[in-house]
Amino acid sequence: MMINKLKNLFALSICGITMCSCGNTAIKDHPLSETTPLPETSEIFLISRYVNYAWGYNDMGIFADTGGDVYAFDFSMEIGSGSYKENMIEKFDILRDCTEPIFTIDSDDVSQLYSLGCLIDTNSELKSEFTACDAGSRTISFRDPDSGKITVCTESGDSTGTLNDKYAEDLVKLFEKIIAGKSTKNTEYPLIYTADAVYMDSIECNTQTNGKYLLSNDDQLHILAEQLNIPVDNILDDYNEYEYGRYVYFVELNAPPANAILKIGDEYGFSHKEGAGYCNIAAFPRKSGIFTDEIISCTDGGVWERLKDGDLNYDPDFIKGEAYGFSESAMRNVWKETYMHGFKGIYIPDKKKYEDFVKLCDDNALSENGSISDILEKNGTIDFEKYALCVKLDSHNDNTKYSWNRTEIGDRYIVMGSSISLNWDNTEGECTLAYVLIPKTYLSDDEYTVSCQNPNE
């Protein structure tokens with residue numbers, strides 16, 4: 001996934017920050033003759049940030065507080081409500097409450113970094129020049145806890161430059177030296193969405209149930225709203241047309257009001273404000289997570305309950321199947337004609353497209369023991385008034401694993417609940433066929449992109 005690649009790239013070059021002054025004017029006597037006292041409470045003062053708009057919105061990095069704790073963050077948004085605002089420090093504070101530091105900085109180093117930052121002349125010029133295209137922006141910055149002002153000390157990426165200030169230069173050098181001794185290669189970057197980024201609401205309610213639900217589609221919001229007699233589906237009223245189908249929904253009952261929804265590793269959970277007796281609802285972008293596992297964990301140690309009503313995977317009319325032992329060379333010929341390469345599948349909504357697909361497979365002798373239709377129609381002739389068919393072909397040998405998970409339907413795409421490890425060097429093995437028959441009541445469009453879950457993601 002693109003975001004995972006960007007996270008790895010950031011981890012390898014983690015030296016971008018924005019800095020500011022603590023109200024002092026620049027002092028010419030350098031090096032430091034004394035340090036500036038740290039704030040009485042732990043305050044955010046250093047930010048290393050990577051932002052790129054080239055492939056959606058990507059925004060991630062680390063920040064440090066004056067207690068020496070360093071946290072990772074990910075504000076990346078593939079889709080949002082369109083009302084996103086810059087509330088970075090508020091989200092940093094939420095992360096400090098909900099996540100653990102990825103490492104700590106020695107108190108003497110914190111004191112030096114903070115003191116250097118307070119001596120920066122904020123009137124200094126940041127001279128930069130264009131150096132790349134679509135590389136994004138990496139900055140290292142200092143934040144004045146008193147004023148909240150953030151001063152960029154250095155940037156790289158699309159533009160490269162350094163603030164013309166000796167203290168800023170020394171702060172960056174010291175921080176980079178500290179970071180060089182810390183491993184961030186396997187760091188989890190918590191993804192956080194506030195109400196400025198996604199649709200979210202906290203509704204006062206009288207339910208005594210402490211339930212937590214993960215809903216797969218918009219219709220399930222209506223179903224749950226009716227079951228609970230709580231208007232959790234009101235958030236749909238503000239949607240633009242293109243946003244339908246782009247979210248899954250987390251609903252939490254009898255809880256403090258929420259101020260954010262977070263993804264930490266493979267776990268999801270709300271961050272809360274003071275209070276009690278609320279129902280929290282958050283729309284979470286499908287492309288920001290993988291929801292094909294049946295069990296989705298909560299950040300509090302529990303799990304999110306699936307609502308079976310309105311869920312394709314619990315519908316008895318939903319049919320899935322697989323078969324093994326087809327010709328590898330024939331599979332590759334079918335791939336070329338249908339673009340089913342890699343983890344892509346094919347969407348077949350009508351009888352004509354189905355007959356064309358069967359003929360292509362049979363002309364290439366995909367199945368040596370008859371027609372491919374014998375496999376796809378083992379439950380009877382397919383009624384394309386009722387069903388759409390999705391098919392996936394992949395390599396298979398003794399070293400690969402084939403398994404079924406949930407099938408998920410999003411905005412004009414379907415993730416088949418099957419996964420198989422590909423062996424690209426295998427030209428003598430056998431191929432595996434996976435298919436699903438989806439009742440058209442779950443489909444709102446004529447065309448869908450079909451993919452198979454990559455088990456290595």
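Biologist: What share of the contacts in the protein chain with a separation of 6 or more comes from residues 24 or more positions apart?

Modeller: This is a predicted model, in which local features need pLDDT of at least 70 and side-chain atom pairs count only at pLDDT 80 or more, while totals for chains, interfaces and linings use all residues. Residues are numbered from 1 along each chain as its sequence is written, and side-chain values use heavy atoms, with hydrogens and water left out. A contact means heavy atoms within 4.5 Å. For residues 24 or more positions apart, the share of contacts with a separation of 6 or more is 75%.

Biologist: How many helices and strands does the protein chain have?

Modeller: Both come from DSSP runs numbered from the N terminus: helices are H or I with at least four residues, and strands are E with at least two. Counted in this way, the protein chain has eight helices and 26 strands.

Biologist: What percentage of the 457 residues counts as buried?

Modeller: Buried means under 20% relative accessible area, exposed over 50%, and partly exposed in between, with a 1.4 Å probe and protein chains only. With those classes, the buried part of the 457 residues is 53%.

Biologist: And what percentage of the accessible surface of the protein chain belongs to carbon and sulfur atoms?

Modeller: The areas come from the Shrake-Rupley method with a 1.4 Å probe, and for residues only the protein chains shown count as cover. The total is about 21400 Å², and the part belonging to carbon and sulfur atoms is 44%.

Biologist: Let's turn to charges. How many salt bridges does a search of the whole structure find?

Modeller: The criterion is a side-chain nitrogen of Lys or Arg within 4 Å of a carboxyl oxygen of Asp or Glu. Over the whole structure, the search gives 18 salt bridges.

Biologist: Are Arg49 and Asp59 buried or exposed?

Modeller: These two form a salt bridge, with their closest N and O atoms 2.6 Å apart. Arg49 sits in strand S2 (residues 44–52) and Asp59 in strand S3 (residues 58–65), 10 residues apart. As for accessibility, both Arg49 and Asp59 are buried.

Biologist: Which residue does Asp317 meet in a salt bridge?

Modeller: Asp317, at 32% relative accessibility, is partly exposed. The N to O distance is 3.6 Å, and the partner is Lys386.

Biologist: How many residues apart in sequence are the parts tied together by Glu447 and Lys353?

Modeller: The side chains of Glu447 and Lys353 meet in a salt bridge at 2.7 Å, N to O. Glu447 lies in the loop between strand S25 (430–439) and strand S26 (449–453) and Lys353 in helix H7 (residues 351–363), so the parts this pair ties together are separated in sequence by 94 residues.

Biologist: Which residues make up the negative surface patch?

Modeller: Asp and Glu count as negative and Lys and Arg as positive, leaving out His and the chain ends. Patch residues have over 30% relative accessible area and no salt bridge, and like charges are joined within 9 Å, with each charge placed at NZ of Lys, CZ of Arg, CG of Asp or CD of Glu. Glu188, for one, is exposed at 52% and lies in the loop between helix H4 (166–180) and strand S10 (191–193). The patch is formed by Glu188, Asp266, Glu267 and Asp293.

Biologist: Which residues does Pro439 touch, leaving out those up to four places away in sequence?

Modeller: Pro439 is in strand S25 and, at 4% relative accessibility, counts as buried. Its C-alpha is 9.1 Å from that of Leu389, 50 residues apart in sequence. The residues touched by Pro439 are Leu312, Asp317, Phe318, Lys386 and Tyr387.

Biologist: Here is a backbone one: what is phi of Asn254 near?

Modeller: Most residues other than glycine have a negative phi. Asn254 lies in strand S13 (residues 247–255) and is partly exposed at 29%. Its phi is positive, near 55 degrees.

Biologist: And what is phi of Arg412 near?

Modeller: Arg412 is found in the loop between strand S23 (408–409) and strand S24 (413–420). It is partly exposed, with a relative accessible area of 42%. Its phi is also a positive value, near 65 degrees.

How values were computed:
Patch = residues over 30% accessible without salt bridge, like charges linked within 9 Å, V, L, I, M, F, W, Y side chains within 5 Å.
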